Amino acid sequence: MTASGRLQRVYVEITNVCNLRCRFCPGTKRAAAFMDPAFFGRVLEQAAPLTGQICLHVLGEPLLHPQFPEIIERCAASGIEVNLTTNGVLLDRRAELLLAAPALRQVNFSLQALRTPDGFDRDALERILSFCLQATRLRPELYVNLRLWTLDDRHDPMLDDFNAPVLDLVAQRLGIARPAPPAGRKSLRLLGRVYLHADTVFDWPGGLTGEARAQGFCHALSTHCAILADGTVCPCCLDADGRLALGNLHEASLADILASPRARVMRRGFARGELAEEVCRHCTYCRRFQSKAQRLHATHRAQRKHSEEAPWTTTAAPPATPSRD
């Protein structure tokens, strides 16, 4: 958390049920669940003092929630902005609602979810691109991200058998040249506030396979936390099975859970470039932040060495390590 005690966003999984079975998604062993709108309202009450933005995403397809209109209405009443991630397949039943929802700030479409054995779901992509055009006309302040997280590295030209035809249809429907972010960049503006967001394929954390690392960095608990459909609070938006569960909102408040000893140890560890949890030590996603982890670890090591080499002090003060409590 920042010095002011606020988070940039809180991820809320209103359902862990999905209408697709994508090969990049780990799925979950948790029981199928849809968050009750009344409980979601209590989540918003506790999140509001800590953040200005709710992301409807962890696992599951949020547009599948049978009471999705009430969920969005509660967000508007709370004054919290909504960032929605969806595969877009159900847009035919939700597009009008989304375009009229004042709380909605951003929609992320996971285009990689449209992959099929023989190509991609053209009808679903057509609906997504129609939504983009409508949003540009009716909601010019609304951000729309077309996500293609399919790359082996960020210098990939994006022209494989899946990306190329998808980008061709994007260009055709939006009336633009075939988009391709410059090498090394993730985002490219296409039209109005419609963006292409390209990134690499990643492995979801959770397994304890591979080599463990003691040093590393993650934005968990400094910029965000996640709340699963059953009320479990996790530090990480990728903790699909709640392996790092900090508590449950049916039993304790969000503020108390985020101030728990386990959460504080994790947060301080990340601030020092150290991984306190075994799951984190095996996580490959946080290796994306390797350079920052190395800087933090080097700073902490230098501060500790300086403290140890100051014999003139009568009482050694603890190293002035960064803190985001």
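Reader: Let us begin with G79. Is G79 buried or exposed?

Author: The model is a predicted one. In it, G79 counts as exposed, because its relative accessibility is 61% and the cut-off for exposed is over 50%.

Reader: Where is G79 found?

Author: G79 lies in the loop between α2 (68–78) and β3 (81–86).

Reader: And what separates the C-alpha atoms of G79 and A103?

Author: The distance between those two C-alpha atoms is 7.2 Å, although G79 and A103 are 24 residues apart along the chain.

Reader: Now another loop residue, please. Is T223 buried or exposed?

Author: T223 is buried, because its relative accessible area is 10% and buried means under 20%. Its place is in the loop between β9 (194–200) and β10 (224–227).

Reader: Which residues does T223 touch?

Author: Leaving aside residues up to four places away in sequence, T223 touches L7, Q8 and R9.

Reader: Let us turn to helices. How are two packed helices described?

Author: One gives the angle between their axes and the distance between the axes.

Reader: What are those values for α4 and α5?

Author: Helix α4 (residues 122–138) packs with helix α5 (residues 163–174) at an angle of about 40°, and their axes are 10 Å apart. That angle makes α4 oblique to α5. The crossing of the two helices is right-handed.

Reader: Which residues make the contact?

Author: From α4 come R122, L125, E126, L129, C132 and L133, and from α5 come V166, L169, V170, Q172, R173 and L174. By kind, the residues of this contact divide into eight nonpolar, one polar and three charged.

Reader: What about α7: which of its residues are buried?

Author: In helix α7 (residues 261–271), the buried residues are A263, M266, R267, G269, F270 and A271. Just after α7 comes G273, which takes a positive phi of about 75°.

Reader: Finally, the chain as a whole. How many helices and strands does the protein chain have?

Author: The protein chain has nine helices and 12 strands. It is made of 325 residues, of which 49% count as buried.

Reader: What is the accessible surface of the protein chain?

Author: That surface comes to about 15,400 Å², and 51% of it belongs to carbon and sulfur atoms.

Reader: And what share of its contacts join residues at least 24 apart?

Author: The share is 68%, taken among contacts between residues at least 6 apart in sequence.

Key
Residues numbered from 1 in each chain as written. Predicted model: local features only at pLDDT ≥ 70, side-chain atom pairs only at ≥ 80, totals over all residues. Heavy atoms only, no water. Axes fitted to C-alpha atoms, helices over the stretch in contact; angles between N-to-C directions. Helix = DSSP H or I, 4+ residues; strand = E, 2+ residues; numbered from the N terminus. Parallel < 35°, antiparallel > 145°, perpendicular 65-115°, else oblique. Left-handed = near helix turned anticlockwise from the far one by under 90°. Contact = heavy atoms within 4.5 Å. Nonpolar A, V, L, I, M, F, W, Y, C, P; charged D, E, K, R; others polar. Buried < 20%, exposed > 50% of the residue type's maximum accessible area, 1.4 Å probe, protein only. Areas by Shrake-Rupley, 256 points an atom, 1.4 Å probe, with all protein chains shown as cover.
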